[in-house]
Amino acid sequence: MKKNLFLASALVMGMMSSCSNDVENVTVPGADQNLQPVELSIATPSVIVSPETRGIGTVGDIADEAGNVWNSEELYVNMMCYYKDGAAAWEVSKWTKVDAGGGTKDIENFNNVKVTAPSVGNQGALVITPSAEGRYYPPTASKHQFFAYHIDDAIIGSDYTSPTADGNPEVVDDPVGKTRKVYFKIDGSQDLMMGEAVAKEAAGEYADVLFSAKSARGGVIPNLVMKHLLTRFTFNVNTDKDDNNLKVEKIIVKSKDRGSMCVAYATQPAQLLEFEDDVTGLELKEKAGAGKGKLQALTPVALTIAPKSVGEALMVAPGEESYDITIVASQTVGGGQSHTFSYDSKIKIGNGGALAGSSYKVNITLYGLQEIKIEAQLTGWNQADDEINLTPGEEF
C-alpha cells in the first residue's frame with residue numbers, strides 16, 4: 001500500500017520589518033528582531049493504494065477509513081541551508097542572535113529535532129519541545145529545505161550496536177555528497193518514512209526563493225510530504241474445513257533487515273534506503289490492544305473456510321521478486337493430541353520486484369493433517385513349487 005503522508009508544516013516564520021521585499025543581509029539588534037517563531041502542524045494522513053489495498057506498526061490507514069489518524073508517532077526534523085552568500089551551501093540552518101551588547105551567537109534551527117504527531121484525530125499541531133532561543137529564518141539571502149523522517153524503534157548506531165546516549169538516531173553527515181543518513185535495523189514491525197517540503201500552495205513569485213524569510217513573508221508554507229520506504233505485506237488465511245481444528249501460529253518472511261536511510265540531501269539519491277545483503281526471518285506480530293503501543297507476538301488464530309486477517313502487517317525490504325515465507329500451524333486431532341508443523345513457500349511478486357511504499361495482500365489457504373486409513377484384506381496362501389532347505393552353520 002503506497003501511502004503519501006502529508007505533514008502540513010506551517011513553518012511560517014517572518015523576520016524584522018524591512019523597507020524592501022528583497023532578502024538583504026542586515027544586522028538585527030537582539031531587542032528589535034521581531035521574529036516570528038516556527039509553527040508546525042500536520043495534515044490528514046492521505047493514502048494511495050497500489051497494487052492492493054501499521055515497532056508500532058503502520059502509520060495511518062486506508063484513506064477515508066476510521067483508522068486513518070495520527071497516533072503520537074515520533075518524527076525527526078532537519079532544516080538544511082542549501083544556498084547562502086550567493087553560492088550553493090550545505091549545513092544545518094542557523095540564525096544569528098544579537099544580544100543587547102552587540103555580541104552574536106549562532107543558533108541552530110532543526111538539527112535532527114524530535115517532534116510528535118497529534119495523539120488523536122487526523123490533523124493538528126505537531127508537539128515540538130521549545131528551544132531556549134527559538135527557531136527562525138536568518139535575515140540573510142539564504143534558502144533552506146525541510147526534511148522529516150519516521151524510524152520508530154529501529155534505531156541503531158553506525159557500528160550497528162546502539163543509538164546515541166539520548167536514544168535518538170545518530171546522524172552521519174557527508175559534506176561532500178551533501179547528505180545526512182541514519183542507521184536502522186527492522187524486525188518487520190517498523191514503518192520507515194521520509195519526506196521533504198514542497199510549497200503547500202502555488203509559490204508564485206517566490207518559487208525561486210524557497211524556503212526563506214522572503215517566501216515566509218509572502219505567506220508560502222512548507223508542506224512536508226512523507227513517503228513510506230518499505231514494502232508492506234498483509235495476510236488473509238483460511239482452511240478447507242471449518243471443523244479441522246487448525247490454527248496458524250506464526251508467519252515468518254525472510255528479508256534484508258539492516259542498513260542506512262538518507263534523511264536529508266541536496267540532490268535526492270536514487271535509493272533512500274541502502275540495505276546489507278544478509279537476510280533474516282521477520283515475524284508477523286499483532287497489536288497488544290487498541291490505540292498506540294508496541295506490537296506483540298501473534299496469538300494463534302483458529303482458521304475457518306472464510307478468510308481471516310492475521311496479525312498487523314509486516315514491513316520488509318523492497319525490490320525483491322520473491323520472498324521466502326514459513327507458516328507455522330498447529331492442529332488438534334483425534335484423541336486430543338496437538339501437532340505443530342510448518343509450510344514453506346514463496347511470495348512471488350514479479351514485474352520488477354516489490355515496490356517501496358506499496359502493500360500486497362497475501363492470501364493463504366492451509367490444509368490440515370489428514371488421517372491415514374489402511375485396510376487389510378485376508379486372502380488364502382498359495383503353495384510355492386520350490387522348497388528351501390536351510391542348515392544353520394553351513395554355507396549354502
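The structure is a predicted model, in which local features need pLDDT of at least 70, side-chain atom pairs count only at pLDDT 80 or more, and totals for chains, interfaces and linings use all residues. Residues are numbered from 1 along each chain as its sequence is written, and side-chain values use heavy atoms, with hydrogens and water left out.

The pLDDT, which is the predictor's confidence in each residue on a scale from 0 to 100, has a mean of 77 for the protein chain, with 71% of the residues at 70 or more. Residues 1–32 have a pLDDT below 50, and beyond near neighbours in sequence this stretch has 142 contacts in the model, a contact being heavy atoms within 4.5 Å. Residues 43–57 also have a pLDDT below 50, and this stretch has 84 contacts beyond near neighbours in sequence. Where pLDDT is low, the predicted coordinates should not be read in detail.

Turning to the strands, an open sheet is formed by 3 strands in the order β25-β17-β28, with mixed pairing. Strands (E, at least two residues) are DSSP runs, numbered from the N terminus, and two of them pair if DSSP finds at least two bridges between them. The edges of the sheet are taken by β25 (308–316) and β28 (359–366); each has a single partner strand, so one side of each is left without a neighbour in the sheet. On average, neighbouring strands of this sheet are turned by 25 degrees against each other, direction ignored; the axes are lines fitted to C-alpha atoms. Strand β17 (residues 231–239) runs parallel to β28 and is joined to that strand by 8 bridges. Within this pairing, phenylalanine 235 stands opposite valine 362 in β28.

With a relative accessibility of 9%, leucine 298 counts as buried, where buried means under 20% relative accessible area, exposed over 50%, and partly exposed in between (1.4 Å probe, protein chains only). Leaving aside neighbours within four places in sequence, leucine 298 is in contact with Glu249, Lys250, Leu284, Glu286, Val310 and Gly311.

The cysteines come next. The count of disulfides is 0, taking a disulfide as a pair of cysteine sulfur atoms within 2.5 Å. Cysteine 81 is buried at 2% relative accessibility, and cysteine 262 is buried at 8%.

Salt bridges, by contrast, number 8, each defined by a side-chain nitrogen of Lys or Arg within 4 Å of a carboxyl oxygen of Asp or Glu. Lys84, Glu91 and Lys94 are linked in a network of such bridges. Glutamate 91 pairs with lysine 84 in a salt bridge whose closest N and O atoms are 2.8 Å apart, and with lysine 94 in another at 3.5 Å, N to O. Glutamate 91 is partly exposed at 25% relative accessible area, as are lysine 84 at 29% and lysine 94 at 28%. Elsewhere, the side chains of aspartate 173 and arginine 180 meet in a salt bridge of 2.6 Å, N to O. Here aspartate 173 is partly exposed, with a relative accessible area of 43%, whereas arginine 180 is buried at 4%.

Notes:
Helices (H or I, at least four residues) and strands (E, at least two) are DSSP runs, numbered from the N terminus. Axes are lines fitted to C-alpha atoms, for helices over the stretch in contact, and angles run from 0 to 180 degrees between N-to-C directions.
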